[in-house]
Amino acid sequence: MPLPLKTLRSIAVITGFATLGGATFFYKKIQDNLISGTYYSTSLMLLKEHEYAKELLGHPIKTKFIDLGDQFNVIDGEKGVAQLAIPLRGKKQNGTLYTWSTRTGPGADWTVEKVELQLKGSPRVETIYPKEKTQMNAEQGDSR
């Protein structure tokens, strides 16, 4: 016996809401896993200690969701490599915090190797860490 159209419509709506809820849950769970890593928290701490970066962005500095589709964002625990592009919002300007981290093996602590800030709409990159200035660009192998 075929189901009435009203019943089929109700099933489709309920299934749609359940799918959307599940996708939202897992998206948030992935974001939470990303921001729980020391590569993330240490990079933000370095940014917040950098006076010139705070001046450029304006206080308070807030993070936005990491773009999970961005090819720059890679965390490979087996290879011991993590790199993230963390979107930022400051009172004055928005920008992206690029961070590169490594670790010696699974279960070892992450070490932040480099942190850079790029303001939205600007080609200029401010090195946050390490302190010495480095000119990184596409010719030197940056994968931004």
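**Exercise 1.** Work out what share of the 144 residues in the protein is buried.

*Solution.* Start with the cut-off: buried means under 20% relative accessible area, exposed means over 50%, and partly exposed is in between, using a 1.4 Å probe and protein chains only. By that rule, buried residues make up 32% of the 144.

Before going on, a word on the model: it's predicted, so local features need pLDDT of at least 70 and side-chain atom pairs count only at pLDDT 80 or more, while totals for chains, interfaces and linings use all residues. Residues are numbered from 1 along each chain as its sequence is written, and side-chain values use heavy atoms, with hydrogens and water left out.

**Exercise 2.** Find which pattern the protein follows along its sequence.

*Solution.* First, the pieces: helices (H or I, at least four residues) and strands (E, at least two) are DSSP runs, numbered from the N terminus. There are three helices and six strands. Now read along the sequence, and you get α-α-α-β-β-β-β-β-β.

**Exercise 3.** Describe where Lys54 sits and what is in contact with Lys54.

*Solution.* Step one: Lys54 belongs to helix H3, residues 51-57. Step two: its relative accessibility is 25%, so Lys54 counts as partly exposed. Step three: contact means heavy atoms within 4.5 Å. Leaving aside neighbours within four places in sequence, Lys54 is in contact with Leu47, Lys48, His59 and Ile61.
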